Amino acid sequence: MSLWNQIKGLFGENRPQTPESKCPSEETLIRHETLDRKENFLTYFQQWLASNTKEQMLDWLYAQYQDYCCCGQAEAAIHFMIIPSVSGFVIHFDEERWRPMDFECLFDFFKQQFKQGGYRLQLAEVKVTERDGLEEEMARYYLKPPREFGLPYGHKMDQIFGNIMLTLCKLNGQMINLKLSATSYNDHLYKAPKDFSALMQDICEAY
């Protein structure tokens, strides 16, 4: 498999593989709006932040990353892609291990961690489409590093980890996966991005 196809497989849109995929029918937009968390979710999220579930999920994620660094592979529930310009992971939902709301909380927790690190939330949206009788819901957070104005001549801006995209996918109301991708700037105006290991430490609170 080519490197480009690997990247598309990891960070591309989730499309169910069916015989009709060779000649897909027209996609119908059902809903496209700002992702706005309701009070019941925010209450659950605050409880989740103080729960053992949060610690267990973060400990598991960081342990998987360490296994990937050490052995080149992790559990089937997670896939990493670490290359110079685009790095990240996909966590596949396992109903025997997690609850859907806990997956939602992890999604929002990652956003919160980046914002606390100085990132700006550029986009928060949810898009629901239908194709071939399947309803796909994609929630996204897109974050950009802080703006730096008035730097002395010759000083480069800090891109931290580059642009961050968080994506949560559901199919017919069922949780599918959570993706994180960090895309760095290849530009002389920016410093080199921080290493992906620092990103994993930040989001997993692994210090």
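Which of the 46 residues in the largest nonpolar core touch the most other members? I started my notes there, keeping in mind that this is a predicted model.

**Entry 1: the core.** I looked up the largest nonpolar core and found 46 residues in it. The ones that touch the most other members are L61, F89, F110, F114, L199, M200 and I203. Then I checked which element gives this core its largest share, and that is helix α4, residues 100–116, with seven residues.

**Entry 2: α3 against α5.** Next I went to a helix pair. I jotted down that two packed helices are described by the angle between their axes and the distance between the axes. Helix α3 covers residues 52–71 and helix α5 covers residues 196–204; they pack at about 165 degrees, with axes 9 Å apart. Angles over 145 degrees count as roughly antiparallel, so that is what α3 and α5 are to each other. The crossing of α3 past α5 is left-handed.

I then listed who meets whom. From α3 I have L58, L61, Y62 and Y65, and from α5 I have F196, S197, M200, Q201, I203 and C204. Sorted by class, this contact holds eight nonpolar residues, two polar ones and no charged ones. L61, M200 and I203 were already in my notes, among the core residues that touch the most other members.

**Entry 3: α4 against α5.** Same helix α5, another partner. The axes of α4 and α5 come within 9 Å and cross at roughly 110 degrees. That makes the two helices roughly perpendicular. This time the crossing is right-handed.

On the α4 side I wrote down F109, F110, Q113 and F114, which meet L199, D202 and I203 in α5. The classes here are five nonpolar, one polar and one charged. I203 turns up again: α5 uses it to meet α3 and also to meet α4.

**Entry 4: K144.** Is K144 buried or exposed? I found K144 in strand β5, residues 134–144. Its relative accessible area is 18%, and the cut-off for buried is under 20%, so K144 counts as buried.

What does K144 touch, leaving out residues up to four places away in sequence? My list reads Y119, R120, Q122, N163 and Y185. I also looked at L121: K144 and L121 are 23 residues apart along the chain, yet their C-alpha atoms are separated by 6.6 Å.

Methods
Residues numbered from 1 in each chain as written. Predicted model: local features only at pLDDT ≥ 70, side-chain atom pairs only at ≥ 80, totals over all residues. Heavy atoms only, no water. Axes fitted to C-alpha atoms, helices over the stretch in contact; angles between N-to-C directions. Helix = DSSP H or I, 4+ residues; strand = E, 2+ residues; numbered from the N terminus. Parallel < 35°, antiparallel > 145°, perpendicular 65-115°, else oblique. Left-handed = near helix turned anticlockwise from the far one by under 90°. Contact = heavy atoms within 4.5 Å. Nonpolar A, V, L, I, M, F, W, Y, C, P; charged D, E, K, R; others polar. Core = buried A, V, L, I, M, F, W, Y, C linked by side-chain atoms within 4.5 Å. Buried < 20%, exposed > 50% of the residue type's maximum accessible area, 1.4 Å probe, protein only.
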